[in-house]
Amino acid sequence: MRRIIIAGNWKMNKTSFEAIELVNVLKRDLSTVKEVDIVVCPPFTALTEVSDLLVETNIELGAQNVYWEDSGAFTGEIAGSMLKHIGVKYVIIGHSERRQFFAETNETVQKRIKAALKNELTPIVCIGESLKEREANQTFAVIKNQFEGGFAGFTPQEILKMVIAYEPVWAIGTGKTATAQQAQEVHQYIRDLLKTKYGEETAEEIRIQYGGSVKPENIRELISQTDIDGALVGGASLQADSFSKIVKNCCPVLK
Ligand code: PEP
């Protein structure tokens, strides 16, 4: 049985003061939720304050990126050990915005995953096609390429420590959600790739989140699909009310 995981990607939003305000409300609203893994991913500047607030709660902390070297002359970068030291448990890797604006490639994704695992951080690895690629019927080819490149060289034991997020780029921040059927089709394809590479038992254990304009109104239908095990939420994670509703709307659905 795969536990549903809902993660909020705050992107470049919230000062540390605003982050504290949001997390205090989430803590109160979500304190009774036991059925869902809940993660918030604030910007680096708010991680320490949020980490302190999340001690002994049911909400875990994620970062939005990690560099692959352990330390040294890499101005502006953050190492996995630094994240671990302040209580970070998850890290988003390969988000489409990083692929699009910051020259992220399958190779750098693979290096970041390695660094995360080395520091006992759970990578949330994002893959997904653009609108142009979908319209050119290249969705599966793009997913396969990102999967084979980003996940190259990992053992089944390592892959079991990861979460995959399928995020169609055309659905991110656009208000356009993939239909539950469109999303399920790709999730099933990803699970098939996992089966071929790591075997059925391993593939069945790995959680695959959907990301792209998830809202309280559409989460239930999405996670009722066989291969959708939660969501990576951008815009709707910035308000306590919508994020809490998304989490709570997952509670009755057990897989
Ligand atoms: C995201 O940034 O990962 C995302 C899915 O954003 P949004 O929910 O705003 O589409």
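This is a predicted model: local features need pLDDT of at least 70, side-chain atom pairs count only at pLDDT 80 or more; totals for chains, interfaces and linings use all residues.
## Ligand contacts

A polar contact is a pair of N or O atoms within 3.5 Å. An oxygen atom of the ligand lies 2.8 Å from a polar backbone atom of Ser213. Lys11 uses its side chain instead, with an N or O atom 2.6 Å from an oxygen atom of the ligand.

The protein buries 96% of the 290 Å² that the ligand exposes when taken alone. In total, 14 residues surround the ligand. The closest are Lys11, Glu167, Gly173, Ser213 and Gly234.

## Nonpolar cores

In soluble globular proteins, nonpolar side chains tend to be buried together. Here the largest nonpolar core has 70 residues. Ile6, Phe151 and Leu194 have the most contacts inside it. Helix α9, residues 180-198, supplies the largest share of this core, with eight residues.

Gly230 belongs to strand β8, which covers residues 230-233. Is Gly230 buried or exposed? Its relative accessibility is 1%, so Gly230 counts as buried; the cut-off for buried is under 20%.

Which residues does Gly230 touch, leaving aside those up to four places away in sequence? They are Ile4, Ile5, Ile6, Ile208, Gln209, Tyr210 and Ile223. Trp10 makes another reference point: it sits 220 residues from Gly230 along the chain, and the two C-alpha atoms are separated by 17 Å.

## Cysteines

How many disulfides does the structure hold? The number is zero. A disulfide is a covalent bond between the sulfur atoms of two cysteines. For a pair to count, the two sulfur atoms must be within 2.5 Å.

Cys126 is in no disulfide. Its nearest cysteine sulfur is that of Cys41, 9.4 Å away. With 2% relative accessibility, Cys126 counts as buried.

Cys250 is in no disulfide either. The nearest cysteine sulfur to it belongs to Cys251, at 6.8 Å. Cys250 also counts as buried, because its relative accessibility is 1%.

Note on methods: Residues are numbered from 1 along each chain as its sequence is written. Side-chain values use heavy atoms; hydrogens and water are left out. Buried means under 20% relative accessible area, exposed over 50%, partly exposed in between (1.4 Å probe, protein chains only). A nonpolar core is a set of buried Ala, Val, Leu, Ile, Met, Phe, Trp, Tyr and Cys residues joined through side-chain atoms within 4.5 Å. Helices (H or I, at least four residues) and strands (E, at least two) are DSSP runs, numbered from the N terminus. A residue is near a molecule or strand if one of its heavy atoms lies within 4 Å of it. A polar contact is a pair of N or O atoms within 3.5 Å; within protein, one must be able to donate a hydrogen and the other to accept it, and residues adjacent in sequence count only if both atoms are side-chain atoms. Accessible areas come from the Shrake-Rupley method with a 1.4 Å probe; for residues, only the protein chains shown count as cover. Contact means heavy atoms within 4.5 Å.
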